[in-house]
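Please keep the sequence and the model in view while reading.

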Amino acid sequence: MRKKIAWFVTFIVAMSLVFCFLGCKDPEPIPDTTPPAEVTNFSYLVDEYGLHLSWVNPTDKDFVGVKLEINGSNGTKYEGPVKSDDTHYFLSRDIISSGVYVIRVQTYDSSYNYSNGVSIMVTIEWEDITPPAQVTNFLVKYSALEKSIIVSWENPQDEDFAGT
């Protein structure tokens with residue numbers, strides 16, 4: 001009887017090991033669906049060179065970077081990633097025109113979970129610092145008979161030309 005019990009226990013242990021190796025798996029990891037925290041201290045500065053944006057990145061371990069969205073009242077649209085270690089962004093006045101813009105910064109993590117984002121509204125009114133074009137067909141004539149100098153030219157066609 002002891003042999004039968006020993007054989008039966010050995011059989012049960014062996015079968016348990018076989019089933020465990022065949023059917024036992026590590027539990028499936030729980031998928032990450034939580035986005036990282038939002039950026040903080042999101043601010044802007046408009047100066048004669050352009051638009052400066054700055055923020056503080058979150059400290060979440062799986063934080064990868066931020067996505068920047070710029071939507072302008074004049075139809076301007078920009079959307080793109082910013083490197084994870086960057087905490088500022090610059091758009092020169094040659095790229096961004098006068099107008100009202102809604103700018104949103106969203107954080108994302110290694111599982112591509114995006115936060116709701118932090119938004120600011122920016123109004124840009126660039127001062128015109130571009131001089132008008134030069135006058136053309138500039139001529140100087142001296143008349144010895146009349147003892148006079150005659151100067152003539154054509155004004156530039158610039159929209160904001162005010163005079164010479």
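D109 is found in strand β6, where helices (H or I, at least four residues) and strands (E, at least two) are DSSP runs numbered from the N terminus. The model is a predicted one, in which local features need pLDDT of at least 70 and side-chain atom pairs count only at pLDDT 80 or more, while totals for chains, interfaces and linings use all residues. Residues are numbered from 1 along each chain as its sequence is written, and side-chain values use heavy atoms, with hydrogens and water left out.

D109 is buried yet has no salt bridge. Buried means under 20% relative accessible area, exposed over 50% and partly exposed in between, with a 1.4 Å probe and protein chains only. A salt bridge is a side-chain nitrogen of Lys or Arg within 4 Å of a carboxyl oxygen of Asp or Glu. The nearest side chain of opposite charge to D109 is K67, 13 Å away; Lys and Arg count as positive and Asp and Glu as negative, with His and the chain ends not counted. A polar atom of the D109 side chain lies 3.0 Å from the backbone nitrogen of S111. Leaving aside neighbours within four places in sequence, D109 is in contact (heavy atoms within 4.5 Å) with D32, T34, P35, P36, D62, F63 and V64.

Strand β3 spans residues 63-72, and eight of its ten residues are buried. Two strands pair if DSSP finds at least two bridges between them. The pairings of β3 are listed below.

| Strand pair | Residues of the partner | Sense | Bridges |
|---|---|---|---|
| β3 and β6 | 99-109 | antiparallel | nine bridges |
| β3 and β4 | 77-82 | antiparallel | six bridges |

On the β6 side, L68 has V105 as its bridge partner. On the β4 side, N71 stands opposite K77. Four residues lie between the strands in the hairpin of β3 and β4, and G75 there takes a positive phi near 95°.

E69 also belongs to strand β3. E69 has a relative accessible area of 13% and is therefore buried. With neighbours within four places in sequence set aside, the contacts of E69 are Y78, E79, V102, I103, R104 and Q106.

## The nonpolar core

The largest nonpolar core has 19 residues, of which F42, L51, L53, W55 and I103 touch the most other members. Such a core is a set of buried Ala, Val, Leu, Ile, Met, Phe, Trp, Tyr and Cys residues joined through side-chain atoms within 4.5 Å. Strands β2 (50-56), β3, β6 and β7 (118-124) each supply at least two residues of this core. Its largest share, four residues, comes from β3.

L53 lies in strand β2. Its relative accessible area is 2%, so L53 counts as buried. The C-alpha atoms of L53 and F42 are 7.4 Å apart, although these residues are eleven residues apart along the chain. Not counting residues up to four places away in sequence, L53 touches F42, S43, Y44, L68, T87, H88, Y89, I103 and I120. With the neighbours within four places left out, W55 is in contact with residues including F42, V66, V82 and V105.

## The chain overall

The chain has one helix and nine strands, in the order α-β-β-β-β-β-β-β-β-β from the N terminus on. Of its 164 residues, 24% count as buried. Among contacts with a separation of 6 or more, 56% are accounted for by residues 24 or more positions apart.

Notes. Polar contact = N/O pair within 3.5 Å; in protein donor to acceptor, adjacent residues only side chain to side chain.
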